[in-house]
Amino acid sequence: LAIKQIPYQLEIINIMKGEHKTEEYTRQNALNQIPLLELDGTTHLKQSIAILEYLEEAYPAKPLLPKDLIDRARCREIVEIVNSFIQPMQNKGTVEKVAELDPAFAAWIPKVVKAHEEGKTFEEEDGEVNFWPQYWMNRGFRALESVIDEEGPYCMGKDVTLADCAVVPQVIGARLYQLNMTPYPKTMRVFESVTNRPDVRSGLADILGHL
């Protein structure tokens, strides 16, 4: 939205406080997930990639898909590494279900969330208790490193694309789980390049202030 300069009104749904499970939100999104795009008060679009594709087609100015067909496919490949591989394995619903099966992991969750809210780094003596989310994120970020453009500054090179729109929130999510991002310099280059853009910085600050 910021990159395409589309006016919008942001409403924060704090999933850590269960705001996504209210009766009103459930009527709008039966899966109780975020994000949700409200277009006219009655039309609601769910699922991140469906929303990104809608915005790309509805607002073709400042395109976020490359013109070349192969580059378009590679851009979508990066998007799907995040959307189909990393994100489902570390989202809140999955983590909560894993916690039901693993008492040690369940005990770890409130500690790391509290540390994140306080802006601190959570150190756990047993380094394996957060193995589940870190395992999948590490695999995904390794894959991203293999396909992100060598020179940059963005995923696909000189131009920002939908791939960058997928990678940036995943890096933010990795911070919640205290993932060491040092092994992923190209991913972090993309993150810094996008979040330092003037057209992104203000909107991102609004969101990060609620995390």
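**Figure 1. Order of the elements in the predicted protein model.** From the N terminus on, the elements run α-β-β-α-α-α-α-α-α-α-α, which gives nine helices and two strands. Helices (H or I, at least four residues) and strands (E, at least two) are DSSP runs, numbered from the N terminus. Residues are numbered from 1 along each chain as its sequence is written, and side-chain values use heavy atoms, with hydrogens and water left out. The model is predicted: local features need pLDDT of at least 70, side-chain atom pairs count only at pLDDT 80 or more, and totals for chains, interfaces and linings use all residues.

Figure 2. Of the 211 residues in the protein, 38% are buried; buried means under 20% relative accessible area, exposed over 50%, and partly exposed in between (1.4 Å probe, protein chains only). The accessible surface comes to about 12400 Å², and carbon and sulfur atoms hold 54% of it. Accessible areas come from the Shrake-Rupley method with a 1.4 Å probe; for residues, only the protein chains shown count as cover. Among contacts (heavy atoms within 4.5 Å) with a separation of 6 or more, 60% are between residues 24 or more positions apart.

**Figure 3. Confidence along the chain.** The pLDDT is the predictor's confidence in each residue, from 0 to 100. Its mean for the protein is 86, and 85% of the residues reach 70 or more. Among the elements, helix 8 has the highest mean pLDDT (97), whereas helix 5 (residues 103-117) has the lowest (68). Over residues 124-129 the pLDDT is below 50, and this stretch has six contacts in the model beyond near neighbours in sequence. Where pLDDT is low, the predicted coordinates should not be read in detail.

**Figure 4. Packing of helix 7 against helix 8.** Helix 7 (residues 162-176) and helix 8 (residues 185-195) pack with their axes 9 Å apart, at an angle of about 105°. Helix 7 is therefore roughly perpendicular to helix 8. Axes are lines fitted to C-alpha atoms, for helices over the stretch in contact, and angles run from 0 to 180 degrees between N-to-C directions. Angles under 35 degrees count as roughly parallel, over 145 as roughly antiparallel, 65 to 115 as roughly perpendicular and the rest as oblique. Helix 7 contributes Asp164, Val167, Val168, Val171, Ile172 and Arg175 to the contact, and helix 8 contributes Thr187, Met188, Val190, Phe191, Val194 and Thr195. By class, the contact has eight nonpolar, two polar and two charged residues. Here Ala, Val, Leu, Ile, Met, Phe, Trp, Tyr, Cys and Pro count as nonpolar, Asp, Glu, Lys and Arg as charged, and the others, Gly among them, as polar.

**Figure 5. Burial of helix 8.** Helix 8 is mostly covered, with eight of its eleven residues buried. The buried residues are Lys186, Thr187, Met188, Arg189, Val190, Phe191, Val194 and Thr195.

**Figure 6. Two cis peptide bonds.** Most residues other than glycine have a negative phi, and most peptide bonds are trans. The bond from Ile34 to Pro35 is cis, with omega near 5°. Pro35 lies in the loop between helix 1 (23-28) and strand 1 (36-38). Another cis peptide bond joins Gly152 and Pro153, with omega about 15°. Pro153 lies in the loop between helix 6 (131-147) and helix 7.

**Figure 7. Two glutamines with positive phi.** Gln5, in the segment before helix 1, has a phi near 60°. Gln5 is exposed, with a relative accessible area of 57%. Gln47 has a positive phi of about 80° and is placed in the loop between strand 2 (44-46) and helix 2 (48-58). Gln47 is partly exposed, with a relative accessible area of 38%.
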